[in-house]
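Work through the exercises below with the sequence and the structure side by side, trying each task before reading its solution.

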Amino acid sequence: MNKREFIRNAVLIAGGSLMGGRLAGNPEQAAYYGQKKGEPGRLTLRFSPYTLQLRHTFTLATNSRTTTPVVLTEIEYDGVTGYGEASMPPYLGESHESVLKFLSLLNISQFRDPFLAGDILDYVDSVAPGNHAAKASVDIALHDLTGKLLGRPCYQVFGLNPEKTPVTSFTIGLDTPEIVKQKVAEAEPYKLLKVKLGRDNDKGAVEVIRSCTDKPLCADVNQGWKDRRYALEMAGWLKEKGVVYLEQPMPKERMEDIAWLTAQSPIPVIGDEAIQNAGDLVRQRDVYSGVNIKLMKCGGLAGAARMIDVARALGMKVMLGCMTETSCAVTAAAQLSPLADWCDLDGNLLISNDPFEGLKIVDGRIILPGGPGIGVKKVRPA
Ligand SMILES: [Mg+2]
């Protein structure tokens with residue numbers, strides 16, 4: 001956190017009323033909230049705002065930005081600390097303010113047994129509706145903590161084989177041809193590239209990538225296309241260009257048009273913005289061929305595991321994605337990656353101030369860290 005962000009966050013907290021007066025008003029002490037040290041036999045939650053600096057301006061069909069707000073959480077139990085994270089891209093409606101407010105309402109020190117994760121997460125869910133990223137930050141920290149207490153990586157606790165992680169894609173944002181070529185070069189370890197479409201010159205954007213690589217692509221339109229016939233024509237053209245799936249081609253409200261497209265598209269149509277949780281998945285099982293599951297949409301690993309089960313029962317494809325996040329949340333999502341058809345877990349590589357080290361990419365595949373919990377290490381202060 002640079003000085004300006006620290007002061008801004010400190011002022012935010014010193015405001016007091018936002019936090020219901022529960023947090024210290026001294027800016028010098030405002031960087032970390034919650035009890036400083038855990039009491040034996042009790043769960044202690046700490047949380048801190050942080051701002052991710054993006055390596056490149058991130059441009060989508062709907063907006064562009066250079067930073068992403070996150071909140072880093074810790075849950076301590078008997079001297080063991082689990083790490084978690086909430087990431088708040090603007091389109092989901094959460095912010096530093098809303099996440100800090102939600103977390104300040106929680107009293108998880110009432111729980112004596114971290115392995116009653118179902119009870120703890122039900123309690124967290126009951127405190128207020130929404131707040132999915134804030135809830136995910138508690139879920140991730142709790143999974144990390146319980147894995148560490150067991151001395152086992154989370155993927156083992158879920159019964160998954162780390163040899164079965166799928167290839168993961170690297171997102172090439174919309175930009176000038178020179179920058180796109182630079183991004184493709186940076187994505188050298190990846191076997192699958194993702195292109196963001198939904199602006200005026202989609203074919204041109206794909207052609208620029210095709211001029212520097214013949215790796216398979218996936219296309220994310222972020223709701224950018226408005227005409228279903230155009231979308232179908234593009235799906236055919238993209239298949240010819242080696243695109244393996246099409247993500248959120250049209251606005252999420254246009255369910256009838258998207259169902260029409262999915263029925264005829266030569267490549268799978270994946271729902272992202274349209275599908276936040278298992279209920280959305282059931283309601284839209286005839287609209288999409290698959291779903292992009294993200295911890296920040298569904299509230300964490302427990303919700304994501306539930307969504308994967310539901311998607312498979314409905315015969316749908318499963319993609320595991322992320323927001324712009326540190327290696328903490330990305331590595332947490334990767335614990336479930338042996339269950340996915342495709343992963344898009346590159347959010348940590350898009351930032352220049354990642355405080356954690358976690359998953360690695362070798363030959364395009366995710367290599368899960370072998371340490372207990374989610375397996376991340378804090379490598380610099382945040
Ligand atoms: Mg997407």
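**Exercise 1.** State how many helices and strands the protein has, and how much of the protein is buried.

Solution. The protein has 13 helices and 15 strands, where helices (H or I, at least four residues) and strands (E, at least two) are DSSP runs numbered from the N terminus. This is a predicted model, in which local features need pLDDT of at least 70 and side-chain atom pairs count only at pLDDT 80 or more, while totals for chains, interfaces and linings use all residues. Residues are numbered from 1 along each chain as its sequence is written. Of the 382 residues, 51% are buried, that is, 20 or more other C-beta atoms, placed from the backbone, lie within 10 Å of the residue's own.

**Exercise 2.** Determine which residues of helix α2 are buried and how they are arranged about its axis.

Solution. Helix α2 covers residues 96–105, and its buried residues include His96, Val99, Leu100, Phe102 and Leu103. Seen down the axis, the buried residues of α2 fall within an arc of 165 degrees (taken over the directions from the helix axis to the C-beta atoms), so they line one face of the helix.

**Exercise 3.** Describe how helices α8 and α9 are placed relative to each other.

Solution. The axes of α8 (residues 228–240) and α9 (residues 255–264), as lines fitted to C-alpha atoms over the stretch in contact, with angles from 0 to 180 degrees between N-to-C directions, come within 10 Å and cross at roughly 25 degrees. The two helices α8 and α9 are therefore roughly parallel, the term for angles under 35 degrees.

Methods. Buried ≥ 20, exposed ≤ 12 C-beta atoms within 10 Å, placed from the backbone. Parallel < 35°, antiparallel > 145°, perpendicular 65-115°, else oblique.
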